Every structure is written in structure tokens, then in C-alpha cells.
Amino acid sequence: MKRILLFLIFLSYQSIGQTVYQPHEVESQAVPAGGAAVLNQFLLSNVQIPFKSGIHGLNKKVFVKGVVEADGSMTGLEIVKGLDSLCNIEAMRVLGLYKSWKPASIKDQKVRQTVIYQVPFNVDAPENFDSTSWSFVNYYDKKYYPTTIAKDYKYRSVMPVNEQGYIKGDIVYEEFRLGHWSKVNTVPFQRKELWHKVYGEPGIDSVKVYQLLAEDKNETNYAPVLTFQDNGKLIAYKEYVAGNKTALRKQYYLSGMLKEVETSGDSSVTNVSWYSNGQLRSVVEYPVKQVLFDSKVFGVWEANGKQTVKDGNGWWKYNSDESKKLLYEQGAVHEGVKTGKWVGKWSDSTIYYVESYDNGILKEGHCFVNGEKVTYAEKAIQPHFKGGINSLYQFLGQNIKYPSEAARRGITGRVRVSFTVCEDGSLCDYKVEKGVVQDIDDEALRVVKKMSGKWEPGELRGQKVRVQYNLPVNFIMQ
């Protein structure tokens, strides 16, 4: 009799687990774990609107039907009301990446439930896109200011793109003279194959990728730098503004889901990040330069959707890497900045540091290294050339000897050299990251090596540390 009863109970649970319920049939309906606003932000951030679909602008929605499973994922996706095949596929791709649903329940038991959700497709018509040449064409006046007035056209740039809207060829700069456009310069299109370092992917250190970009010999980028996995999924994106400064940076999980996006301003960088299940992780603002204040946090969530910092107030707990080890840091924040006691522990729960903050300013800190207590008033001090940046430029100017062959051929450019500033101020681990020609690269390396011992080392929590430094060395004919 017991066997029959147990068998019937098992069948009952199995039946509930396999049944797909409608919203009105459950006691607690399936909802996004972090709330509808968090899921909507996820969709807006992750949707990659097909270029061909948005050429004339788009402001519509795709309605997708699916089943929210007990583990928070959505399966069985199908279109209820769509746009075109490209948008429909994209809507199902993005919604399928989101695995942070709070499942429906009956009598406190998780059950499967049908859900219909809308995925927005909002984009303005791309500016300066010429559908006849399938290129982005930007016009400038005689002072090289952008213009849309035909009679003022003096120069233009033409960037060809593929069906996805990504650059596919050289960017050509032209001048209007004698009644027609004549080429004056070309920025070469490049497709590079390389290995890309990944984080947050268990068991994977790096993946093979290819990169699409257009940059000149001075490393100035004239188009967004796009990095793709071999399967075509975007893994990184960088967009630049004048001065080759990064304006927008995105990193993606291997699944194709957005991991983080950074938007740069003049004085700060805003970082928005997500967990691998699609749940929003944090919204944090970082200063561009080293200042008294650390970072400013606006919101923090756990992977299950629970919000721990709201409107800049609450408890902030996060992981970071320090000395190539995983560090767990936590403490209170008030109006976006750290306050009170903050503690950092290694993965084995050993305390590494204890710091005291007042309105975001570090008042005092001490860390424990090899059993010794180290006290400090500044969290980090960057390595710097003795005498400051002007002394560094003066040293380069006095020591660089322009290679005679390069000078004879009129070769100019910028060499980017990386090196490590050691704890005693000496330099090591020299490498030419981006060169011009061999003799110029060799000269840049020679002069950088000559700077060894002329640097003040960096410090982290009161300890002198090795810091990698990147230095551009310009070679310009006078």
C-alpha cells in the first residue's frame, strides 16, 4: 500500500512539474526577479536592432510567448505579434538570454507558466547614411566643421558598411574641387585575428576573436572597434570621440548577452553591469582621474533580484582582483559614497584590510601583510616620473635621437611602449605594443629603458607595488 501511495504522490508531483499553467491558474504569477523595470532595461540594452530593419527608423514592439520554467529561464519561445524575420529572431534571442524570472507557484510549489512579453525596437533613422552606396557619408565645410548645407560642402568622408551596418572597407576622405570629388586621404580598414581575455566564464581564460576597425598609424580610430567571436557573436565594442578618447565601451558574455557598458564623460565613467542570468548587478560611477573620492554607487542587486543599494543607500558587497587574488569587499554606502567601516577579505575569509570612510573620503586604513599591520591615508598612488609630467616630456625631448633613415624618408608616428614600474622605481618588462617602423621603435625603446630609476613607484594600501604603465612616444619632424 505504501508503494502505491508513494507512486501516486510521485505522479502527482511529476504532473504538476510538466503542466504549463496560464497566468490566471496560478496563485503567484511568474514575474522578473528584479522587477519589470529591470527586465525592460535589460531588453533595451541588449537588443541589437537589425540595421536593414532600422534604416528608416523604427518604433515598434515584438510580442513573444514562452514558458517560464522553475529555474527562472524561459523556453518554447514563439512570436505572437512580430515585425519582420530579422527583428523576430532578435526578439527571441534576447528574451531567451534572460534567466532571472521568479517562477509561478501553486501551494508554495514552483510551476511552469505561460508568459507573453513585449520586446521594444526603438531606433532613429541613421544619420548621413547613403543607401545607394551603402555607406555613411559625412560632409564638412572649408574649415572642416560638419555641415548639412549642400552649398558649403568642401570635404567628405565615406565609410562603406555591410548589411549589419558594420564597417567593411577603407574610409575615404575627399575634397570637392573643379566640380567633382577627389580623394585626398584614406584610413585603412583592418580585420585582425587575436585572442580575447574573458572574465566570469568558468573554465575559460580567453577565446579566439576577430576585430573590425579603421585606424591610422597614430592609433586614431575613425570608426567603432568591433570584436566578434568566431561564431559571429559580439564580445566587445568601443566607440570614440575627438582626441581618440573612448566614449562608449561594451563587454559581452560568450552567450552574446551584455555584461557591462561604460559611458565616459569629462570627469567620470558610468558603469552598468549584469549577472550572467540577465539580472542587473550594479550602476556605479567612477572618477576619471585619481581624486579624494572613490566611486559613487546608485544601485546594487543580488543575482536573485534582491536590491541591496537603492538610490545610493544600503549595503554594497562586491568582488575584485588584487595582487592576482580574489578579494571580497563590503560596507555601507550613503548617498552613493562609502561610509563607516569597510572590510576586505580574501577567499579564505582572512581579513586583508579595514578602512574607515566619512562621506566617501578615506580617513584611515590598515591592511595586514605577512602578519604585519600597514597603515595608510591614501588607497592608491599611481607611479610617476620624478619631477612630474613636464619633466618626463623634457627628458624625452632631450634624449630622443631621430633615426637618420626615418628622417630622410619623412616617417613620423607614435610608438606605444609598455613597461612595469617596479617597487624600487626601476623599470622592466619592456614591450613595443604599437610600432611605426623598426628603427623608430628601437629608438623609443632605448629612451624608455634609459628612464629606469627615474620613477617613483606606485602604492596600493600603503605598500609599494609593481604597476604596468603605457607611454606613447611621438616622433614628429620639425
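The legends below describe close-up views of a predicted model. Local features need pLDDT of at least 70, side-chain atom pairs count only at pLDDT 80 or more, and totals for chains, interfaces and linings use all residues. Residues are numbered from 1 along each chain as its sequence is written, and side-chain values use heavy atoms, without hydrogens and water.

**View A. Asparagine 399 in helix H4 (residues 389-399).** Helices (H or I, at least four residues) and strands (E, at least two) are DSSP runs numbered from the N terminus. Asparagine 399 is buried, at 13% relative accessible area (buried is under 20%, exposed over 50%, partly exposed in between; 1.4 Å probe, protein chains only). Leaving aside residues up to four places away in sequence, asparagine 399 touches Glu443, Arg446, Val447 and Lys450 (contact means heavy atoms within 4.5 Å). The side chains of asparagine 399 and lysine 450 are joined by a polar contact of 2.8 Å (a pair of N or O atoms within 3.5 Å; within protein, one must be able to donate a hydrogen and the other to accept it, and residues adjacent in sequence count only if both atoms are side-chain atoms).

**View B. Asparagine 359 in the loop between strand S26 (351-358) and strand S27 (361-369).** Most residues other than glycine have a negative phi. Phi of asparagine 359 is positive, near 55 degrees. Asparagine 359 is partly exposed, with 48% relative accessibility.

**View C. Aspartate 429 in strand S32 (residues 427-434).** Although not a glycine, aspartate 429 has a positive phi of about 55 degrees. Its relative accessibility of 47% makes aspartate 429 partly exposed.
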